[in-house]
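Colleague: Thanks for making time for this one. Shall we go through the model together?

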Amino acid sequence: MTEPSLAEWGMQNTQRRREARVYTNRTCNQNCGFCNRRSPREKPEFVRPRAVRERIDSAADACVVLTGGEPTLRRDLVDMVAYACSTQGRAVHLETNATLIDAHYARRLAEAGLSLARVHLPAWGEDADRITNDPGGFRAALAGLHALADAGVRLEVSTPLVSKNASLVMDMPQQLSGLPVETWVVGIPFEASDSASLLSLSDAALTLDALVRQCQRWRVSLRLDPHTVLPPCIFPEPKRLSRLFALTRGGKDRQGYAQKAECTSCTLVDRCPGLPNPHLDHPLRPIRDDRVRRRLSLLSTVKEQIERELYQDEIKRDLAGGMVVCRSVRIGFRCNQSCAFCFVSTHLPDADDAMVEAAIVDAARRNAEIALSGGEPTLHPRLLDFLELAKREGASAVELQTNATRIDEPLAKGLKDRDLDLAFVSLHAEHAALSDSITGAPGTFDKTVRGIEALQRAGVPVRVNWVFHQANLRYFKAFVVFVAERFPEAEVSVSFVAPSTDLVPRTKQLIPRYTEVLPHLSAGMAEAKRRGIRLNGFESMCGLPLCLVPEELNPWMHMSEAPDGYVGGETVWAEACEACTLRGRCFGLRRGYAELYGTGELRTVRGAGELGTADFREETP
């Protein structure tokens, strides 16, 4: 395997899958009453091979989903799969009823490059045949499904919820639990050739709510079809159905949907499109709890979100000009605190241990530093095993990112015995009332303090992490005094609330201006210098743009340059940055911050002599 460059390290594990449906034909060998895709005959100009290949070519970099009608009615479907794979170099999926697929056909599709088949099953057994008007179709579909599985094709099952099957699908989770199927994809048609076959929005919501419970009982993965978008507020308990939703900022603009007046007071107003046009008279209940908004903010499916957030690579730089990759591995997503500025999807289920171990081993064998993170990693029963694995496989250093609320003497000793290099402990205030308010977890300030003390008694180095935001920015000096008196051997890491994901509210009530923070930062820095407390954190993307770093931190200007492209579009550069001496060393301005406050605070720094000396002069363009 080729060793990635430092820039490529930072770009890994951030890609999101996008699907593009490509219609191969319009006819079908089944006749579902609710289907609005099926045509009685084909149009030659639509189905000719050249036209289909052109549609495949226009899919850009998306995952191609070959659909219809029924694609297996085409004699050249295998050729189309091979063409999509060879010309696009990416995944190809198939939507099919699988009734025409036997073992030979399945092997040919797999050999052509088909990676996943989404098999249409509107119900189970003879009930399915009555809905599709295809006697024997269910048995044939099940045989096709098994043939695809035997050929090594991954499988999903697709079911539309309509009036004919709403009461029949409740048994499907139990039946699907015995099949080699990854996910059950449920859709809700809003238009159909037979409008009487459609469910009302209320009935659809109640049916989905019940299906979620059944899927949890039988451990079946359930997700909504990407073409089915429902406002979460129509469900009895929206937060319980969070795994069905993938809502992101900017998602409110969707053809065929409209928001209502009630939506303006909803925390999801910037990402929920509202109601489908045929159901605009349905009542809405705006969601005002930001914790619910966080649970509903996914970029894709739960599985894909876990894969996306499982680890994150960052370059750490030092004053000697060195650079090292540090991989943060989220060994678990759950957390026993609820900070508003947290950018981790703490509502996600934990990744499989095998995925966690693979992420650790991969980084360790490259001699990277590893941060065991979360959520709250001390909630994971195998924390010490993961630490031991990282050390054994060659990690250059291992730190634990934690709130320390669960760290007692035995755990601290276990961490020390396994050579933990650093405990990076989150604490954002110097007294319980403010801290517990920030973390949303009463009583945890005292637990964190006891955890830090246990770590220090065990001999584990501690770095206390302070995140500047509106609630605490005025208390940084007092915090430094508290750390100096209570934990004199600890360092303090300074970071700033980062609107880097949709989970973090991009509001002025949470995110202060840098110029608001600077006086309090300077006062705390002076106190830290007076008391011998070391500050750090300015070298990372969570620090200040370097042109705003106070004079006392000029030595940080010696840092090595960040590789081109490392930030991956997360930050922006202003006009003031173009001629700035620090351009290569500075990560720039967070894009979310620039959207909120603009770039007017940035300054051009020009140095006539060596960086970090009094030769600096600052100019405002």
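Colleague: Is Cys215 buried or exposed?

Modeller: A word on the source before that: this is a predicted model, where local features need pLDDT of at least 70, side-chain atom pairs count only at pLDDT 80 or more, and totals for chains, interfaces and linings use all residues. Residues are numbered from 1 along each chain as its sequence is written, and side-chain values use heavy atoms, leaving out hydrogens and water. Buried means under 20% relative accessible area, exposed over 50%, and partly exposed in between, with a 1.4 Å probe and protein chains only. Cys215 has 3% relative accessibility, so this residue counts as buried.

Colleague: In what order do the strands of the open sheet run?

Modeller: Helices (H or I, at least four residues) and strands (E, at least two) are DSSP runs, numbered from the N terminus. Two strands pair if DSSP finds at least two bridges between them; strand 2 (63–67) and strand 3 (92–96), for instance, run parallel and are joined by three bridges. Seven strands form the open sheet with parallel pairing, in the order 1-2-3-4-5-6-7.

Colleague: Which strands are at the edges?

Modeller: An edge strand here pairs on one side only.

Colleague: At about what angle does helix 7 run to strand 5?

Modeller: Axes are lines fitted to C-alpha atoms, for helices over the stretch in contact (heavy atoms within 4.5 Å). Angles run from 0 to 180 degrees between N-to-C directions. Helix 7 (137–150) lies across strand 4 (116–120) and strand 5 (154–160), and its angle to strand 5 is about 150°.

Colleague: Within what arc do the buried residues of helix 14 fall?

Modeller: Leu411, Ala412, Gly414 and Leu415 are buried in helix 14 (409–417). Seen down the axis, with directions taken from the helix axis to the C-beta atoms, they line one face of the helix, because they fall within an arc of 160°.

Colleague: And which residues are exposed on the other side of helix 14?

Modeller: The buried residues pack against helix 13 (383–392), strand 13 (397–402) and helix 16 (444–458). On the other side, the exposed residues are Pro410 and Lys413.
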